[in-house]
Amino acid sequence: MAQNGYQHDGTIEDNNEVETPTKQPRSSNEMPGYHLNEPNSEVAEADGRAASDRCTSHSTPRHRHDSVKKTRPPFPWFGMDIGGTLVKLVYFEPRDITAEEEQEEVENLKSIRRYLTSNVAYGKTGIRDVHLELKELTLCGRTGNLHFIRFPTHDLPAFLQMGRNKHFSSLHTTLCATGGGAYKFESDFRTMADLQLHKLDELDCLIRGVLYIDSVVSSGPSECYYFENPTDPDRCVQRPYTLENPYPLLLVNIGSGVSIMAVYSENNYKRVTGTSLGGGTFLGLCCLLTGCSTFEDAIEMASKGESTRVDKLVRDIYGGDYERFGLPGWAVASSFGNMISKEKRESVSKEDLARATLVTITNNIGSITRMCALNEKIERVVFVGNFLRVNTLSMKLLSYAMDYWSKGQLKALFLRHEGYFGAVGALLELLHPS
């Protein structure tokens, strides 16, 4: 997929079409508060709280439909998660536009919809993840497709300029946004694009987004999955997992840094701990050690390297007598420990260094996660975040670590929409305010 950047004039550099799997919503009974594929149904809160007057009514179906129509926000519908490394944007594209609406729709709105949906890349760095698109969703009485877009946070000014050029503020005066950037860049949105940000709690949006996306994916690849036989590389395979009655669960969000949440119900959860050693650490160290410049490059290099040339293993320290200490010989005793030796420093490749960096960061996250699971007495762990994008290596490492060190008691689960859940939660807040 070509990766091209935001053009200030809104022009399209890449018009490649990518086949998108069709995904149908799951029964609304599995997710109280969301009624899908029923235009006249009442739309309630995602987190089980009281339904919002903005999109619901207790009158007849006809009156309820009229109430929804009058009180839902105007198009376009966006949700944003502005992280330290990536901006994640979800956009709901209505597909049930009537002829009357088409005639009344202002050109600015048509231009934005055409720009976002007719391309898979925007300039050099903006990407629409077409394989994640969710089709035929019904939100707030409207049926359409949900699109997932990302771009580096350092390119946010170009995004704001694009919004200004397309007169986005004439359609929408407020954007629902979460993440640290919602605070850091609030003044930029106001001065550069004449937009007000409605700042939302990051953990609320994350958990709300996870529960919603899992509830609406029922066909095609399962949203939730795990790796079977993670301790046996020859038999390790990916399997779907149904995230029904999931509580309690440990939710590990791996972005630039890492946050770990214990979730006991839809609206009972807490942040347990976190670590500053996350995806940003991995990419930053790889840039220093290998000269790479993108996450994709770093992951590709890591896939070709061998970390044992860089790390000192248990067997390197104990020789053949490590088993009596209850430690496997392959376990890392000292990350980058072999780099003390000048001879070994000169023999390692950039790929080896990238692999060792990935293993170091991933093992640290796995170790902290396991201790949190033990302390909270939770046996189900869900890993999300953009660190896991195109990063099967880390997912298998985490699966291996959870399974091995817990003697099969901990299961590592993963979600296909990885880093977009905060943005989805922000969109849901726009449509169904808490």
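This is a predicted model: local features need pLDDT of at least 70, side-chain atom pairs count only at pLDDT 80 or more; totals for chains, interfaces and linings use all residues.
View 1. For some background, a search of the whole structure finds 16 salt bridges.

**View 2. Arg-113 and Glu-105 make a salt bridge between buried residues.** The closest N and O atoms of Arg-113 and Glu-105 are 2.5 Å apart. What is the setting of this pair, buried or exposed? Both Arg-113 and Glu-105 are buried.

**View 3. Arg-235 and Asp-232 meet in a salt bridge.** The N to O distance in this pair is 2.9 Å. Arg-235 has a relative accessibility of 49%, so this residue counts as partly exposed. Asp-232, at 24% relative accessibility, counts as partly exposed too. For both residues, the label follows from the range used here: under 20% is buried and over 50% is exposed, with partly exposed in between.

**View 4. A salt bridge joins Arg-389 to Glu-296.** The closest N and O atoms of the two side chains lie 2.7 Å apart. Arg-389 sits in the loop between β16 (380-384) and α13 (392-405), while Glu-296 belongs to helix α9 (residues 295-304), so the pair ties together parts that are 93 residues apart in sequence. The two ends have their own labels: Arg-389 counts as buried because its relative accessibility is 9%, whereas Glu-296, at 25%, counts as partly exposed.

**View 5. Three leucines make a nonpolar surface patch.** Leu-285, Leu-288 and Leu-289 together form this patch, which covers about 290 Å². Look for Leu-289 in helix α8 (residues 279-290). With a relative accessible area of 34%, Leu-289 is partly exposed. A patch takes in residues with over 30% relative accessible area, so Leu-289 passes that cut-off.

**View 6. The largest cavity has a mainly nonpolar lining.** The structure holds three cavities of 30 Å³ or more, and the largest contains about 140 Å³ of space. Its lining is made of 13 residues, with Phe-78, Phe-159, Met-162, Gly-163 and Phe-168 nearest the centre. What kinds of residue line this cavity? Eleven are nonpolar, one is polar and one is charged. Helices to look for are α3 (107-117) and α4 (156-165), each of which supplies at least two residues of the lining. Of the elements, α4 gives the most, with four residues.

**View 7. The largest pocket is lined by 31 residues.** This pocket has a volume of about 1,100 Å³. Good places to start are Trp-330, Val-359, Asn-363, Leu-397 and Tyr-400, which lie nearest the centre of the pocket. The elements that give two or more residues to the lining are α10 (314-318), α12 (350-376) and α13. Which element gives the most to this lining? It is α12, with nine residues. By kind, the lining of the largest pocket divides into 17 nonpolar, nine polar and five charged residues.

Technical notes:
Residues are numbered from 1 along each chain as its sequence is written. Side-chain values use heavy atoms; hydrogens and water are left out. On a 1 Å grid over the protein atoms alone, a cavity is a set of points where a 1.4 Å probe fits but cannot get out, and a pocket is an open set with protein on both sides within 12 Å along at least five of seven lines; lining residues have an atom within 4 Å of a point. Grid points are joined across faces, edges and corners, and a volume is the space filled by probe spheres set on the points. Ala, Val, Leu, Ile, Met, Phe, Trp, Tyr, Cys and Pro count as nonpolar, Asp, Glu, Lys and Arg as charged, and the others, Gly among them, as polar. Patches are made of residues with over 30% relative accessible area and no salt bridge: like charges are joined within 9 Å, nonpolar side chains (Val, Leu, Ile, Met, Phe, Trp, Tyr) within 5 Å. Accessible areas come from the Shrake-Rupley method with a 1.4 Å probe; for residues, only the protein chains shown count as cover. A salt bridge is a side-chain nitrogen of Lys or Arg within 4 Å of a carboxyl oxygen of Asp or Glu. Buried means under 20% relative accessible area, exposed over 50%, partly exposed in between (1.4 Å probe, protein chains only).
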